[in-house]
Structures are given as structure tokens and as C-alpha cells.
Amino acid sequence: MGFDGLGLGPELLRAVAEEGYTEPTPVQREAIPIVLAGRDLLARAQTGTGKTAAFALPILSKLGQHAPGPRALILEPTRELAAQVETAIHDYARFTNLKTTVVYGGVGYGRQTDELRAGTDIVVATPGRLLDHLERGTLRLDKVQFLVLDEADRMLDMGFLPDVRRILDRCPRQRHTALFSATIPPQIETLIKWAMQNPQTIEIGARRTPAETVKHVIYPVSDSQKSDLLLQLLERVNYNSVLVFCRTKHGADRIAGLLKRANHAVAVLHSNRTQREREQALRGFRDGKFEALVATDIAARGLDIAEVSHVINYDVPQHPEDYIHRIGRTGRAEHSGDAFTIMTAEDSSHVFAIERFISQKIPRVKLENFDYKYTMLFEEGKPGAPKGFPGKARGARVHGGYHFAPGRRR
Ligand code: AMP
């Protein structure tokens, strides 16, 4: 089924066709008719499912023509997501006269204020800067008819819920609200009861299996050798672009410094960087100026970065779904990609949780000719060793517990 049967206007169908979308994704198929019918929507869906168009297309359709506003408000947890969503909406709206403005912190007020004063239909914003505009009187929300809370669980993680509530207090009670969240923890449940009216719920199954095109392996190593192993992997692997994930901002800075000293062209992306630095990092990585991007999950979540040849988890992700999300950055659109996870003994329980989540054991491999120090991980599978996923590793032959990955020399 194409987009035609969903009830969207011709300008939007034309824009969608220009984007190259031939059929709606599951979340679009389910969400568009609900929003068009004027119902509140609660969607359990992750990023990468096409959810931006799922809320943007019906809202654009309902807004119709440019009018005093803003009449739609979309809240996002990070500046990058706000910018990305604004760009997407701008593209979907290209055959209409509707206007979109993005509002986030870390940059000056001038341009945002000018755009808001000139009149806009849709505001895409991060909570902090939006509140600043409300306080300065450069924005009012009394005409808002459509409100989207995107990535609500991330907004909770980042401590934005009190801000979100203050913002919602400034919007009319008579409005349509859509909330997207990968998980619904109790605080989000409370927010839903408070902010929404009898929402219709849809659930788009989280992807629980890695893409077939991604080869993923684990490199067990002792904690003191993590950095050496990372450098060796980068030396030996023939990559075009590599995304390195770290758990903390501090860790990301440290690893970026290490890679720079080893003459890699590297950029770093985390929430303590200035907005300018973040934009330069992403643009440079997309353009190929940087061969490596070192990032934290929060900064990288939901960003549409195509064409990554390798993902390296310098730290094992703490939430199993983040594993799928991180390694989904490679092997996109049928390009094959590799995902390496560096694991120390302390990470065992997180790795086992990931393996249970994806219902497969991830092959353990050793890098040939790397001067390994002993770690108890090398005992895995032997009697008395920690027990993880009971199944066998798929996709790799494991001899005596290990498979050697010689890597490819550049
Ligand atoms: P999102 O989850 O909204 O961040 O979207 C993820 C990616 O899917 C973006 O690159 C979109 O351009 C793309 N996308 C969204 N809807 C469709 C569709 N119906 N067909 C093909 N690609 C799509």
C-alpha cells in the first residue's frame, strides 16, 4: 500500500514522493490516520522507524495554510534531533506555504527571535531555550493546536520533565497531543495521564535483531588494554568511516584525544560540546573530513548518519536496546558493515543482557598478534566460568572458545 490511501493532501504526497518514499513504514501507516482523525496518540516506537513523518505529515495536513501561530509545537530532547526534525518537516512542507522554526540553546537568540516574530506555523524546540523565549515574551503558545512530545523517555533521562510540564501549562488545554517514547516508565505514564486525553496507543515492535548486513563480534580484553586494542583495531581494519561509542562525555573526550595523537582525523560529539562544535563534528563526519566520530549515546541517539562502515563500542552499552541502535548505524541500506564491541570482565552482565535481548550469542574473537594480557574472560565457556546466553555463536566458527580475526590491513 502506498501513501495515497492515508488521507494526506496532494502537496504532501508530492513531497513524500520526492523524498523517495514509496510506501509508509508501519508507524506511519498506523499513526497518520489517528492524528488525522484528531485523536491523541501514544506511540511506542524507536528512532529510525520513520516516526518523524508519522507525526509531521498529518499535522502539516491539518494545518493546511500559513496562519498566525505557532499552531504546532514539537519538543525534542537534543539540539541535533531538533535540527534534524526541523529539516525533515521543512522538506515535507516544501509544496505548502507553512513555515517551520527551530529553537534550541547554545546559539544566539537573534535569528530565532526574528523568525518567531515574522510568524511561524510549527516550532521544533528543546525545552530549555523554548522556556527562555516564553520568558522573554518572544513566543506565546496560546494558539498551539498540535503538540508532539518526541523521545519522551530521553527527555526524562535528561531531566527535562519539569520543563516540559511548565511548557505544557502554557499551551491551551484544547489541543491534540502525540507522545513518542521507546519505553514508558512510570514518570512518563504520569505525564501521559496529565497531558493527554484518552490517547489511542500504537506499538511498533522494537527491532530486536541486528540487521543481517552487520557482522558483529566481541573483543574480550583486560581493562588496561582497551585503548591499545582500539588503536590496533583501527590500524588493521580497512574502514571508511567509524563511529566509536563511549559511555561518558569524559571518556569520549579522552578517546578522541587518543585517536588524534595516533593521527586519526577525529571529531567528538557529546552534550557538553558547544553547539558550533557539535554541528562541525556532525557535518565534518558526514562530509568525510573526519574518519572517526567519537560519541556518547545521548548525543548520537536518533541521528540519521548513513554510510558508516564500522561501529566500535569502546564501552558496552548499558541498555540492550542501545546495542541494536548503535550497531544499526552500520550496514544500512544493504551496505555491509562491521560492529565491534570491546568487552572487559566487568561488562559480562551487560553483554549477557544484550545476548538475551537479541536471542543470539555474539561471537568472541581475538585480534591476531596482539599482545594480550590474561583476563578471566578467556575462561568463558569453561566449567566454573560466568554463564551467559546458552546458545551457540552464530555466524562464526569458534575454535576452543575463540575465533581469530586477522583484520584487513590498510
Ligand atoms: P526517523 O525515524 O523519522 O528518524 O526516520 C528514519 C529515516 O527513515 C529517515 O532517513 C527518513 O528519511 C527515512 N524514512 C522515513 N519514512 C520513510 C518511508 N516511508 N520510506 C523510506 N524511508 C523513510
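**Ground rules**

I am working from a predicted model, in which local features need pLDDT of at least 70, side-chain atom pairs count only at pLDDT 80 or more, and totals for chains, interfaces and linings use all residues. Residues are numbered from 1 along each chain as its sequence is written, and side-chain values use heavy atoms, with hydrogens and water left out.

I took helices (H or I, at least four residues) and strands (E, at least two) as DSSP runs, numbered from the N terminus. I counted two strands as paired if DSSP finds at least two bridges between them.

β3 and strand β4 (residues 122–125) run parallel and are joined by four bridges. They belong to an open sheet of seven strands with parallel pairing, in the order β3-β4-β2-β5-β6-β1-β7. I noted β3 (100–103) and β7 (200–203) as the edge strands, each pairing on one side only. From one strand to the next, the twist averages 15 degrees.

**Entry: helices on that sheet**

For contact I used heavy atoms within 4.5 Å. Axes are lines fitted to C-alpha atoms, for helices over the stretch in contact, and angles run from 0 to 180 degrees between N-to-C directions.

I found helix α3 (residues 51–63) lying across β2 (72–75), β4, β5 (146–149) and β6 (176–181), and it runs at about 170 degrees to β5. Helix α9 (residues 186–195) also packs on the sheet, where it touches β1 (41–44), β5 and β6. The direction of α9 makes about 170 degrees with that of β6.

**Entry: strand β9**

I called a residue buried under 20% relative accessible area, exposed over 50%, and partly exposed in between (1.4 Å probe, protein chains only). Strand β9 (residues 242–246) is mostly covered, with five of its five residues buried. Val-242, Val-244 and Cys-246 point one way from the strand, while Leu-243 and Phe-245 point the other way.

I then checked the partners of β9. Strand β11 (residues 292–296) runs parallel to β9 and is joined to it by five bridges; there Val-242 stands opposite Ala-292. Strand β12 (residues 310–313) pairs with β9 in the parallel sense over four bridges, and Asn-313 in β12 is the bridge partner of Phe-245.

**Entry: cysteines**

How many disulfides does a search of the whole structure find? I got zero, taking a disulfide as a pair of cysteine sulfur atoms within 2.5 Å.

Are Cys-171 and Cys-246 buried or exposed? Cys-171 counts as buried because its relative accessibility is 6%. Cys-246 is buried too, with a relative accessible area of 0%.
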